[in-house]
Amino acid sequence: MPTLDVRILGPLEVRIDGAAVAVPRGNTATVLAILLDEANNAVPLDSIVRAVYGFDVPGDPDTQIQNTVGVLRRRLGPLRDRVATVGRAYRFDIGADELDLLRAKAKDERSRRRRTEGDLSGAADGLREALAEWRGPALADLSGTTVEAIRRRNDEYRLALLERRIDLDLELDRHAELVEELRQIVTVHDTRQRFTAQLMRALHVSGRSVEALEAFEALRARLAETLGADPDPQLRELHLTILRHDPPQVAVEPAPPRRVPAMLPRANARFTGRENEIGLLDGYLDAAEGASGLAVVTGMGGVGKTALAVWWAHRVAHRFPDGHLYFNLRGFDPLTPGADPAGVLAEALAALGVESHQVPAGLDERIGLYRTVLAQRRVLVVLDNARDASVVRPLLPVAPGSFALVTSRDRLSGLDANDGAETVPLDLLTATDAWALLVRRIGMQRALAEETPVSRIVASCARLPLALTLIGAWAAAHPKFSLAALASRLESTTNVFNVLVSTDIASDPRSIFACSYQELGGQAARAFRLFGLHPGPDLTAAAMASLMGATVAEAEAALAELTEVHLADQHREGRYTMHDLLRAYARERFAQEVDAEHRRAAEDRMLEYFVHSANLADHLLTAHGDTPGLEPPGPGVVPEPIADAREAAAWFHTEYEVLLDLIHRSRGPGRETRVWQLAWCMTDYIFSRNLVDDLHAVQTAALEAAERIGDGFKQVVSTGYLSAVRFQNGDDEAVKTLLGRALALADELGEPWAKGFVYYGHCAQAGRRDRHEETVVFARAAHECFIEAGDPLWAYRARWVVGWHQAQLGVLGEARACFEEMMAAVEGIGSPVGIAHTNIGFGLLALKEGRFRDSLEHYGRSRELFTELGLPTALALARELIGDTLEAMGEGPLARSEWREAEGVYLELGSVFELGRVRAKLAG
């Protein structure tokens, strides 16, 4: 097993079996630093993105970080598995003896134990060993905001260790020998008061009291000049002690201050009802006297769990003299990820007086320290909005006298069964309490003046506290608005408060939406309605412009107005989203306010927007050629402004599921051509990821569309693509039937391109089975047909196939000519994917000619381009071929490493033939 030695307490160093690993500076080193700073803990991908990019987030940041992690894993070579993927998070697995920071913390812990056992000398030696792990400032050779934060935290930890070590040496009467060291330390850390205090003690006990007083005066002057502050009370007291010539007291490391946290949020002054539930909680608290109590308030979203928990917590706060902790665990928050128990524990420990450098790194260690600090204390802990029991358990106090109150939409039955939790189910308000809650919002005088409308509003709100609160707040803000009119509006809207239990309904009531909607300007109101027509989770200004049939500037202005009044949200730069229930209301408004003709026009513009955007992305990302029969965009259609292949890959990644859904929902009459064109634009992207089921669904829809309009050419293409699906599934008979049908139809049409496409299908499938001679025959036939049809791009594709398989057969002259023609063409049109594939060809040619270094160089260029473009199947092929060249060079272990990388991708993508091929190499 290779040995690993990683050091961050100084310049970043990674060594495997003693050999230095070259970690690229920049994002790769920063990601490594983040993972090492949280060693053995999962770091969410979103947190890494924020830490690496800050506010300057690039397009598709998740993929950027995934690629960076891939680079890091490759540099780690045989230890690549140390960077583990944990859901949407990464974790660096490392032993306590393999990372200098963990070694320092382990030595620190041993020192503490020795101190407790009375072994002062051993404790001091232990801290010296811990401090010896530092070789300079942490991550000294890296830069950036995140790195600087890690550096400050670890350097502060070093200074805290140094202070404790000097305190121990003072206890051991080593005053004289400490003086010179402390003078040097104070010179560097000239405003850190504890070092000056230690110097003063050492000087005074050594009989040099005058110098001790001079050190105090020098510090006082520095503090006044640099910070505008005075020495702290402890230092002033030491100064007076020396002036009185009292023997100074040696400072023993202070225990963490016993802070009394008071973290409860403000209780709702209009809290109403819930007498039964309050009685239950009171009873559970009384019953837990002398033990650690636990209760869980459960109920649907919007039923008032948080309001009850906070109100009750304030009510009983006086029974917990040692403090009150409150944490929102965000378990059902749609906008932010749920809270991490380790992070919450760090906050809790800070609130309880534990300094940041004393907080352990591991979750289990934090749990242990949390329980230790809470021992002998009576603390109330409120854990709000929990998703599941696993998040709650690490945060529960266990000491007698403390009490935990948890709220959740989930029943958290695990806490009931395993932790003895008492459950308080929260239902809708009673009719009386619901009326009282609304009246407390709008005022008794107004309620009595319109008693009947108030009762109607309560009925429309279905006694749900959130709905009553929102309606009451709106009515209170509009005192001149007739409650009768408000009640009529609520009653006239179907399912005004149809709240789904499993969704956050903080902005749900449609009546509230209506109040905001009716205040919108004409263009913004139109954009709001059309938002409900868009099939994706978010949209861009260009998409909205196409839906509206307007300019991008007009769409941006409308979206800005929606965002201003919180009817939409720009959750990423340039991408706007809308809450699901707001979107449902927008769909209702669209259906009710837009006539059939305008609905159809908007739907057509939306479909055309996606076709033209996909066509541009396909053109930039692949060598697929122009979409057959695609005319310029119609009036009001604004395709996405995709600039290059990287943006094209990001666009496909973002919109892929939307495109699939759009093909499914647009299969009706009148849109056959658009459905077929969209399928064409998606196909090469689908091939690049080996998404066989999606290819089948997309091309089946395309074939149905082509058959409905009687377009034989389109039928040939879709039938050919469906044969590729059958081939991947191993159904050779179906492949033969489909290609035969396609060829017969192509002959009947007399279309040379269609005939060439069928031949290309034959050569692609023969090539995947390594039938080289047969492949060359079909590829040449396809090439002739594409030339006849006047399509140079597909002719080059066929020519590349000829070159590849001729190289396999040893016909190297023709292979070189094919690749040179291809390179000239793709460089001329600036196609990165074409350049990458052509380098693959030159790499094989160099391998066959024994030019191994040239081969690796060509394959390496391809790998870089495929990585940047996010094309996993092609990237895996490049890795496999690099392995082939390394094997030919006698570098067996390196070759097998590359093959294993390729094997993992093929396995994940279900690339059956490629997987069998690379496994045969690994078994050889």
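The model is predicted, with local features needing pLDDT of at least 70 and side-chain atom pairs pLDDT 80 or more, while totals for chains, interfaces and linings use all residues. Residues are numbered from 1 along each chain as its sequence is written, and side-chain values use heavy atoms, without hydrogens and water.

Next, show the whole chain as a cartoon. The protein has 41 helices and 14 strands (DSSP runs numbered from the N terminus: helices are H or I, at least four residues; strands are E, at least two). Its C-alpha trace spans about 110 × 85 × 55 Å along the principal axes.

Of the 924 residues, 52% are buried (under 20% relative accessible area, with exposed over 50% and partly exposed in between; 1.4 Å probe, protein chains only).

Now select D17, in the loop between β2 (13-16) and β3 (19-20). Its phi is near 55°, a positive value in a residue other than glycine. Is D17 buried or exposed? D17 is exposed, at a relative accessible area of 52%.

Last, select R274, in the loop between α10 (233-243) and α11 (275-287). R274 is not a glycine either, yet has a positive phi of about 65°. R274 counts as buried, with 7% relative accessibility.
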